[in-house]
Structures are given as structure tokens and as C-alpha cells.
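Please walk me through this structure, one feature at a time.

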Amino acid sequence: QVQLVESGGGLVQPGGSLRLSCAASGSIFGLNTMGWYRQAPGKERELVASTSSGGSSNYAESVLGRFSISRDNAENTVYLQMNSLELEDTAVYYCNVRIQRSDATIDNYWGQGTQVTVSS
């Protein structure tokens with residue numbers, strides 16, 4: 001089994017910054033895509049950013065130029081640096097990690113979620 005532990009959420013003023021971390025542990029043969037999603041009250045969960053095993057990244061248009069995703073494969077960890085935070089960034093942020101088994105099967109895992117609140 002695999003566990004994901006998220007950290008780094010909190011309360012921040014508009015224009016501020018936060019850094020989210022998500023560490024995977026357990027039976028990990030290989031890390032595939034790692035990413036961050038968010039869900040605001042009354043809205044559907046949406047992709048914020050993702051990074052492939054090859055190092056390419058993908059961002060939601062609303063966070064382009066403000067957020068940056070990175071990964072440390074040696075530590076099985078994915079990060080989300082969030083700068084210039086806006087009120088609309090308030091949401092629960094979930095990490096998502098796709099992990100490859102030794103038989104090449106890929107499993108999808110979600111973190112427990114961490115609250116990010118942007119408020120003055």
C-alpha cells in the first residue's frame with residue numbers, strides 16, 4: 001500500500017505565498033505523474049498542475065505564472081509553490097500520484113487534502 005501525506009496549507013493574505021508538499025511512502029516501484037488538484041466550496045475538483053516522470057509540467061490557465069510544481073523523485077515528494085495568491089485560490093488542495101507497480105500496473109492515489117485560505 002501507498003500513503004500520501006500533505007503539508008503546507010494555511011491562511012495567507014492576498015499576494016502572499018505558500019508551499020505545499022506531498023510525500024509518498026510505502027510500496028513504490030516507480031513514480032508516474034504527480035499533481036495537485038483543488039476543490040473550492042460548491043465547485044468541482046480541478047487540476048491545478050501536474051508533472052510527468054519525464055519532467056514536463058502542465059498548469060491550469062488560472063495559475064500560470066504564479067504557481068510552480070516540482071518533484072523530488074529520490075524523496076518521492078511533489079511540491080507546489082504558490083505565489084501571488086488570490087482570493088479565488090481558496091480551496092482544499094489534494095495531491096494526486098500515479099504509482100507504477102512492478103508488473104507495470106499503475107495505481108492512482110490521493111492525499112487527504114490541505115486547506116488553503118486566502119483572505120485579508
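Predicted model: local features only at pLDDT ≥ 70, side-chain atom pairs only at ≥ 80, totals over all residues.

Q: Where is Arg38 found, and is Arg38 buried or exposed?
A: Strands (E, at least two residues) are DSSP runs, numbered from the N terminus. Arg38 is in strand β4, residues 30-39. Buried means under 20% relative accessible area, exposed over 50%, and partly exposed in between (1.4 Å probe, protein chains only). Arg38 counts as buried because its relative accessibility is 6%.

Q: Which side chains make a polar contact with the side chain of Arg38?
A: A polar contact is a pair of N or O atoms within 3.5 Å; within protein, one must be able to donate a hydrogen and the other to accept it, and residues adjacent in sequence count only if both atoms are side-chain atoms. The side chain of Arg38 makes one with the side chain of Glu46 at 2.8 Å and another with that of Ser62 at 3.3 Å.

Q: Which residues have the most contacts inside the largest nonpolar core?
A: A nonpolar core is a set of buried Ala, Val, Leu, Ile, Met, Phe, Trp, Tyr and Cys residues joined through side-chain atoms within 4.5 Å. The largest one here has 28 residues, and those with the most contacts inside it are Leu4, Trp36, Val48, Phe67, Leu80, Met82 and Tyr93. Strand β9 (91-100) is among the elements giving two or more residues to this core, and β9 gives the most, with five.

Q: How does β11 pair with β2 and with β9?
A: Two strands pair if DSSP finds at least two bridges between them. β2 (residues 10-12) and β11 pair in the parallel sense over three bridges, with Gly10 opposite Val116. β9 and β11 pair in the antiparallel sense, also over three bridges, and Ala91 has Val116 as its bridge partner.

Q: Which residues of β11 are on its covered face?
A: In a regular strand the side chains alternate between the two faces of the sheet. In β11 the covered face holds Thr114, Val116 and Val118, and the uncovered one Gln115 and Thr117.

Q: Is Ser50 buried or exposed?
A: Ser50, in strand β5, counts as buried because its relative accessibility is 14%.

Note on methods
Residues numbered from 1 in each chain as written. Heavy atoms only, no water. Helix = DSSP H or I, 4+ residues; strand = E, 2+ residues; numbered from the N terminus.
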